[in-house]
Amino acid sequence: MFEDYSLILYYLIIGLVFAAFIDYTRDSIESKWPSLLRDEEPFDAWQRFFMVVLWPLCLIVFLSAFCKTYFKK
């Protein structure tokens with residue numbers, strides 16, 4: 001019975017770590033290049049909640065955007 005709850009707990013902990021990583025990345029980009037995120041608003045509680053719950057989808061979106069930008073030809 002507790003194994004089921006531990007899997008959910010692990011899923012949520014990974015989501016929290018992922019959301020913290022995205023927040024940290026956004027803050028560091030904003031401090032280095034303020035004009036890049038000038039029109040963007042900071043994440044609100046609902047966006048962070050969805051990042052924690054839907055982190056696998058968010059990770060796919062983040063990695064695809066990162067690869068497109070990093071390996072731009």
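The largest nonpolar core of this predicted model has six residues, F18, A19, I22, M51, V52 and W55, where such a core is a set of buried Ala, Val, Leu, Ile, Met, Phe, Trp, Tyr and Cys residues joined through side-chain atoms within 4.5 Å, and buried means under 20% relative accessible area, exposed over 50% and partly exposed in between, with a 1.4 Å probe and protein chains only. The model is predicted, with local features needing pLDDT of at least 70 and side-chain atom pairs pLDDT 80 or more, while totals for chains, interfaces and linings use all residues. Residues are numbered from 1 along each chain, and side-chain values use heavy atoms, without hydrogens or water.

Turning to the aromatic rings, the count comes to eight pairs, a pair being rings of Phe, Tyr and Trp (its six-membered ring) with centres within 6.5 Å, stacked if the planes are under 30 degrees apart, edge-to-face if over 60 and tilted otherwise. Y11 and W55 form a tilted pair, 5.7 Å centre to centre with 45° between the planes. Because Y11 lies in helix α1 and W55 in helix α3 (residues 55-70), this pair ties together parts that are 44 residues apart in sequence. Y11 is partly exposed at 33% relative accessible area, whereas W55 is buried at 16%.

Definitions and conventions. Helices (H or I, at least four residues) and strands (E, at least two) are DSSP runs, numbered from the N terminus.
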